[in-house]
Amino acid sequence: MLTAFAATAQTTAPVTAATVAADYSKLVYASYADTLTAAQALQTAITAFNAAPSAEGLAKARKAWLDAREFYGQTEAFRFYAGPIDDKNGPEGNVNSWPMDEAYVDYVVGRPQSGIINNPKVKINAKTLTGLNQRSGEENIATGWHAIEFLLWGQDLSETGPGDRSFEDFVNGKTPHANRRREYLTVVVDLLIADMQTVTKAWAPDAKNYRAKFEKSGTDSLRRILVGIGSLSRGELAGERMEVALASKNQEDEQSCFSDNTHRDIVTDALGIENVWLGRYKRADGSVLQGASLRDLVAAKDPAIADRTSAQIATSVKAAEAIHAPFDREIVDAEGRKRVQAVVDSLKLQSKDFVDAAKAIGIAKLSIAEPKGN
C-alpha cells in the first residue's frame, strides 16, 4: 500500500511562487498519467473478462479497479478550484459521483427488473449513459468509478465483507440481460478512460493548455493549490465523507460501499494532500518526483507554521491508515467511531493550518469549502 513521506524540508534552491506552481504542475500531470495507465489496465481486465466471464476473470477485474483507485484517490487534492477536473465543463461529475442508487443501473434485492440494464428500450452507449448520469437526482449515477464498482461487486449485503456478485451475471443464458451488463461495463470503462485522458492532457507539458496558464498565474496559482487541499481536508473528506457517515451510521453514506474500499479512499485522499504540501509524489514505477513545495515556501516566511502544518498532515495520514476495514463497521463500532473521529479532528486542524500558511505567504483570505449545510 502507499504510505506517507517524512515531513522535512525538501529543496535547497530558492523557492518562489513560480517554481512551486511549475513543480505542482509536474506532480499533477504525473498523478493523472499514473491514474490513466491504471485505468487502462482496468479496461484491459474488463475486456478479457467480458470475452470469457469467469470467477478468475472477475477477481482480476476487481483487483484492477482497486489498484487504479490507489492513484485516482491522490488526484482529488487537485479539485475544488475550478481546474480541468471540475470546472463547468470538467468531467468530475461523470467520474467519481457518489453515493449511488444502484437500482438506477441494475437489479437489487427485491427489484429484479430494476435499472438501465434491465430495460432493453434504453440503448447502452456513451451518449446515452452520459446523458443519464445524475438525471433527475444526484444519486442516479450511471457512469464513473462507482458504477463500475457496482457492476463488479454488486450490492454489499454482508456486514463483514464486500459485495459478492457472481460472474454468471455476465454469462448469456445464466442471468437475464447478461449481454447488456457486459456492454455497460465496456462503455463505462471507455468513458472513464476518455475523461482521464482529458484531464491528463490539460496538465501535459509544453502545450497550450490549462497548465501553461496556471504556471504563469503567480500567487493566484498558490491560492488555488491551497483551496484545493484545504477544501478536500475540511468540506469533502472530513465533512461529506466521514462526518455524514458518523452521524447516519448508514452504509449508504460510505464512498466505496460495494467493494468495501472506503478506508483506502480516505488514506489516498489524505496522502494526496500531503503530496501537494511536500511537493512529492511516488509514481507507479516506484520513482519519486520531488520539487519546490508549499511547505518550502511557507517555511521561508514562517518556519513554525510550516512545521506545525507538516506535523498535522502527517498525523492525518497516520490516523487514516489506522481505520479498520470495512468502514461500514467502523461507523457503528464504538472504538471504530473513535478512529474515524480522530481523522476528522486532525483534518479540521490541518484545514485551519492551511489558512495560516496562506497568510504567511501573502494570501489574506482563503475560501475553503465547508461541509454542505454549514
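Residues are numbered from 1 along each chain as its sequence is written, and side-chain values use heavy atoms, with hydrogens and water left out. Because the model is predicted, local features need pLDDT of at least 70 and side-chain atom pairs count only at pLDDT 80 or more, whereas totals for chains, interfaces and linings use all residues.

Helices here are DSSP runs (H or I, at least four residues), numbered from the N terminus. Helix H10 (residues 294-301) is largely enclosed by the rest of the structure, because six of its eight residues are buried (under 20% relative accessible area, with a 1.4 Å probe and protein chains only). These are Leu 294, Arg 295, Asp 296, Leu 297, Val 298 and Ala 299, and they pack against helices H1 (17-51), H8 (219-248), H9 (262-278), H11 (303-321) and H13 (334-360), where contact means heavy atoms within 4.5 Å.

Helix H8 also contributes six residues to the lining of the largest pocket, the largest share. That pocket holds about 530 Å³ of space, and of its 21 lining residues the closest to its centre are Trp 98, Glu 138, Glu 236, Glu 240 and Lys 372.

| Residue | Relative accessible area |
|---|---|
| Thr 143 | 2% |
| Glu 76 | 1% |
| Trp 203 | 1% |
| Phe 214 | 0% |

Thr 143 is found in the loop between helix H4 (126-132) and helix H5 (145-153), and a polar atom of its side chain lies 2.8 Å from the backbone oxygen of Asn 94. Glu 76, in the loop between helix H2 (55-75) and helix H3 (92-95), makes a side-chain polar contact with the side chain of Arg 79 at 2.9 Å (a pair of N or O atoms within 3.5 Å, one able to donate a hydrogen and the other to accept it; residues adjacent in sequence count only if both atoms are side-chain atoms). Leaving aside residues up to four places away in sequence, Glu 76 touches Glu 92, Asn 96, Leu 232, Arg 241, Gln 255 and Asp 269.

The structure holds 14 aromatic pairs (ring centres within 6.5 Å, the six-membered ring being used for Trp; planes under 30 degrees apart are stacked, over 60 edge-to-face and the rest tilted). The rings of Trp 203 and Phe 214 form an edge-to-face pair, because their centres are 5.3 Å apart and their planes stand at 70°. Trp 203 lies in the loop between helix H6 (178-202) and helix H7 (210-214) and Phe 214 in helix H7, so the pair ties together parts eleven residues apart in sequence.

How values were computed. Buried means under 20% relative accessible area, exposed over 50%, partly exposed in between (1.4 Å probe, protein chains only). Helices (H or I, at least four residues) and strands (E, at least two) are DSSP runs, numbered from the N terminus. On a 1 Å grid over the protein atoms alone, a cavity is a set of points where a 1.4 Å probe fits but cannot get out, and a pocket is an open set with protein on both sides within 12 Å along at least five of seven lines; lining residues have an atom within 4 Å of a point. Grid points are joined across faces, edges and corners, and a volume is the space filled by probe spheres set on the points.
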